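Here's a quick briefing to read alongside the model. Keep the 3D view open and look up each spot as we go.

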Amino acid sequence: MMPRPFAEVASVGVAVPPNVVTNDDLSRVLDTSDQWIVERTGIRERRIAGPEQSVAMLSQEASQRALAAAGVGADELDAIVVATVSPDRLMPSTACDLQALLGAERAAAFDIGAACPGYIFALTVAEGLVASGQGETVLVVGAEKLSTITDFQDRSTAILFGDGAGASVVRRSSGPGRGILSTFIKSDGRLAPLLLRPGGGSADPISEKVVCERSHYMKMAGREVFKAAVLAMADACDEALRRAGVTADQVDLLVPHQANLRIIEATAKHAGLPMSKVMVNLDRYGNTSSASIPLALEQALAEGRIGPGSVVLLVAFGAGFTWGSAVIRW
Ligand code: COA
């Protein structure tokens, strides 16, 4: 077997819906304010997709950009791994729809449900496929239309989430030391009741009761999730760095899941990284779950904050609970 790094993130492409919804827009329909939302979360606006824009279509746009940036054709893909908690349908997978849209005829396509760290989980799966020789080129996508599973009558969650997609081509490492140096993924299913969509699955199939009780929307115990996120993301940073044999002062940029600025600041503080080395764009997009890390990565690349040789630390936490991290040398 090849030595690690087995695989590299060759590119990042993103897509967001054009419709911008500001905090002021939300405060017209909910008992909230721009000031409260900015102070408690750091979010200023988010993108909301219309009914004509599916998760597969957002994924297609992001994927085409990622494929073009890597100089890879859709027909070269061996696998497509889509991380999402808001699939277009429960069956079949959004990845299969994406495969058809891209014309990626050779690819095996499947979704994974790992919530906000979904991109990191998908990256881990992609790296494994490359390392085991089952594929050379894998498309990893994090894509969400969280607006369809958000209760816009619940001010404690409605202000947090947004829609978007990000995609990466993951392929065999192109040079010594270049690529994914480590990944770390973990879960604790005992804590599932703190952040979930209780209704609409096979345990409580969609019914008039489910819709009346609004249990097909996300429910969250915000404070508990906040505390768990701070602890888990700190631990995940340590673990990815340890596994990569990299120290915090060698990290050029921390790209955390964009859920709450206070969680990001606590994570950076624990890791000993100044905020100047942390990518933050949740003010523009809110929490886009599995799309948040590629959306932040793409902006960091576009702004020149990541370049060849940069050491990048990814970290995320979400429903499940699930959490994960990765160190990549670009
Ligand atoms: N506007 C105004 N007031 C609001 C509000 C809103 N949008 N949402 C909640 N409040 C009120 C509450 O009703 C509460 O009022 P009370 O004190 O009279 O009961 C008060 O603000 C404080 O609520 P609390 O939930 O304790 O606030 P918080 O500081 O914990 O912030 C979150 C709430 C949701 C922003 C925060 O808990 C959070 O970000 N949690 C983690 C979320 C997350 O990351 N989830 C995804 C993980 S991937």
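Let's begin with Lys227, which sits in helix 8 (residues 222-244). Helices here are DSSP runs of H or I with at least four residues, strands are runs of E with at least two, and both are numbered from the N terminus. This is a predicted model, where local features need pLDDT of at least 70, side-chain atom pairs count only at pLDDT 80 or more, and totals for chains, interfaces and linings use all residues. Residues are numbered from 1 along each chain as its sequence is written, and side-chain values use heavy atoms, with hydrogens and water left out.

- Lys227 counts as exposed because its relative accessibility is 53%; the cut-offs are under 20% relative accessible area for buried, over 50% for exposed, and partly exposed in between (1.4 Å probe, protein chains only).

**A covered strand**
- Strand 11 (residues 253-256) is covered on both faces: Leu253 and Val255 are buried on one side, Leu254 and Pro256 on the other.
- In a regular strand, side chains alternate between the two faces of the sheet.
- Strand 11 runs parallel to strand 12 (residues 311-318), and four bridges join them; strands pair if DSSP finds at least two bridges between them.
- Leu253 has Val312 of strand 12 as its bridge partner.

- Most residues other than glycine have a negative phi, and most peptide bonds are trans.
- Met91 and Pro92 are joined by a cis peptide bond, with omega at about -5°, and Pro92 is in the loop between strand 4 (79-83) and helix 4 (94-102).
- Another cis peptide bond links Gly320 and Phe321, with omega at about -15°; Phe321 belongs to the loop between strand 12 and strand 13 (322-329).
- Arg214 isn't a glycine, yet its phi is positive, near 60°; you'll find Arg214 in the loop between helix 7 (208-212) and strand 10 (219-220).
- With a relative accessible area of 24%, Arg214 is partly exposed.
- Ser289 also has a positive phi, about 50°, without being a glycine, and lies in the loop between helix 10 (282-285) and helix 11 (292-302).
- Ser289 counts as buried because its relative accessibility is 3%.
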